Amino acid sequence: MNVDVLLGLQWGDEGKGKVVDYLADDYSVIARFQGGPNAGHTLVIDGKKTVLHTIPSGIFRSTVSNVIGNGVVIDPITLSKEIANLKSQGLTLDNLYISNKAHLILPTHRLLDKASENAKGKEKIGSTLKGIGPTYMDKTGRNGFRVGDLLLADPKKKYNSLKAKHLELVKIYPEVEFDLESEEEAWWECVKILNDLKIIDSVYFINDQIAQGKKILAEGAQGSMLDIDFGTYPFVTSSNTVTAGVCTGLGIAPQHIGDVIGITKAYCTRVGGGPFPSELFDADGELLRKEGHEFGATTGRPRRCGWIDIPQLKYTIMVNGVSQLVLTKLDVLDIFEKVGIVTDYVIDGKDTDRLPYQYEDKTEVKVSLQDGWQTRVNTARSVSDLPEKAKNYVALLQEMLGVNIKMISVGPDREEIFEA
Ligand code: GDP
Ligand code: IMO
Ligand code: MG
């Protein structure tokens, strides 16, 4: 069982990038298995911040191979920007590999995303508009354009026929502003950069590593509540963000999966539309946003904030088979006099710890308030450094969730984390 999995248990932005970067030295390979540039994974190394969208978060560890797997969708424009940023920081990127089976996001996928989201009116998903949905639609519709297709004799032919289909399709939507010509020019320019990278058959690459006894960490994007099957559908993304997605997104057989490390914030956030039962609309919600700097790493949008939600986490722990938890952003709660925990949902007047099929506009929840610790915890490097009330909060969460809390993160920097 050489493959561990690290993924978010909420609606994304749990701090996956930071934790993967921290753990990466223990692995030979870090591999992204789904999603695309809708993700924004933030690393802070010696005070310097880098946001990764497509490139795995082990990229700063030169001995670690970083693989963009077949389940990922890639926009050459975003990828080029990421590459330029990392190169400007002195990275060679010799340790970056891209699957020839990963699908490419075309400019017209972004055009379709924008047009279809615009047409939704009140029912908007709040998509990042990076073309994720339309690209996965073409994948499952068997029309997609894959990285390996760039190596074909005439990639433009395939591109043009897909583009023509998209332009037909976009006619069903009201017109949107989109400078297709300049977007296409930029796209083809950036595709040239892709040709200089290591494009591989990642399925053999990963399985060869497994056969050699090397350790692999699969890095999730988005969060389990954004999973296409298990999330708050239709307010979800278009891939399987849960552990099962690792098998299809990398070509790994299930028996190789070892530890599943689930990440949760010490509270909860969501960006975009859709149900969020523990959301706070009061001063506490504002304070969480301010203290946690809760603004999207990809879109800059303010994130909706609320208390940690035990029924929601128990559900995603179950679906993913989580064996270890990482608790992030504990420091954000330092200022609070009282810290809330959602213990139950109230459905049809009854308390339950099961998530409903359909959510009310404001699903009622039960909140248990705990004493806050009102002490800065960012310098803590072991549980014994935490104030008593913070220890009690962590112990209570662990008891309620029934899974060991392996690590606690107390600040954005690489060093601000410890084994619990
Ligand atoms: P990801 O998408 O799961 O990788 O998470 P994001 O990078 O989108 O959002 C997490 C944000 O919280 C980033 O700005 C991180 O730098 C920051 N962060 C991560 N861990 C901690 C922590 O323990 N405390 C604080 N205060 N910030 C953190
Ligand atoms: P990371 O990996 C938080 C949300 C969007 C929207 C919905 C669908 O940084 O945790 P899409 O662009 O996929 O069509 O958007 O999913 N979303 C995320 N929210 N973190 C992310 O990634 C997200 N990726 C997508 O806001 O509600
Ligand atoms: Mg993010």
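Colleague: Why is Asp371 called partly exposed?

Modeller: Asp371 has a relative accessible area of 39%, and the term covers what lies between buried, under 20%, and exposed, over 50%, with a 1.4 Å probe and protein chains only. Since 39% falls in that middle range, Asp371 counts as partly exposed. Lys338 is placed in the same way, because 40% relative accessibility also makes a residue partly exposed.

Colleague: What should I keep in mind about the model and its numbering?

Modeller: This is a predicted model, in which local features need pLDDT of at least 70 and side-chain atom pairs count only at pLDDT 80 or more, while totals for chains, interfaces and linings use all residues. Residues are numbered from 1 along each chain as its sequence is written, chains are lettered from A and ligands numbered from 1 in the order in which they are written, and side-chain values use heavy atoms, with hydrogens and water left out.

Colleague: What makes the pair of Asp371 and Lys338 a salt bridge?

Modeller: The term asks for a side-chain nitrogen of Lys or Arg within 4 Å of a carboxyl oxygen of Asp or Glu, and in this pair the closest N and O atoms are 2.6 Å apart, which meets the limit. Asp371 lies in strand β18 and Lys338 in strand β16, so the pair ties together parts that are 33 residues apart in sequence. Strands here are DSSP runs of E with at least two residues, helices are runs of H or I with at least four, and both are numbered from the N terminus.

Colleague: How many salt bridges does this rule give, and which parts of the chain does the one between Lys314 and Asp353 tie together?

Modeller: The count comes to 26 salt bridges. In the pair of Lys314 and Asp353, the closest N and O atoms are 3.2 Å apart. Lys314 is in helix α10 (residues 310-320) and Asp353 in the loop between β17 (350-352) and β18 (364-371), so parts that are 39 residues apart in sequence are tied together.

Colleague: What makes a group of residues a nonpolar core, and where does the largest one lie?

Modeller: A nonpolar core is a set of buried Ala, Val, Leu, Ile, Met, Phe, Trp, Tyr and Cys residues joined through side-chain atoms within 4.5 Å. The largest has 63 residues, and among those with the most contacts inside it are Ile206, Leu333 and Tyr393. Its largest share, five residues, comes from helix α11 (residues 388-401). Domain 1 (3-100 + 198-261) and domain 3 (263-419) both give residues to this core, so it lies between them; domain bounds come from an automatic or database domain assignment.

Colleague: How many residues of domain 1 and domain 3 are in contact?

Modeller: Contact means heavy atoms within 4.5 Å, and 40 residues of domain 1 are in contact with 41 residues of domain 3. The centres of these domains, taken over C-alpha atoms, are separated by 23 Å.

Colleague: Why is helix α1 (residues 16-23) said to be largely enclosed?

Modeller: Seven of its eight residues are buried, so the helix is largely enclosed by the rest of the structure. The buried ones include Lys16, Val19 and Leu23.
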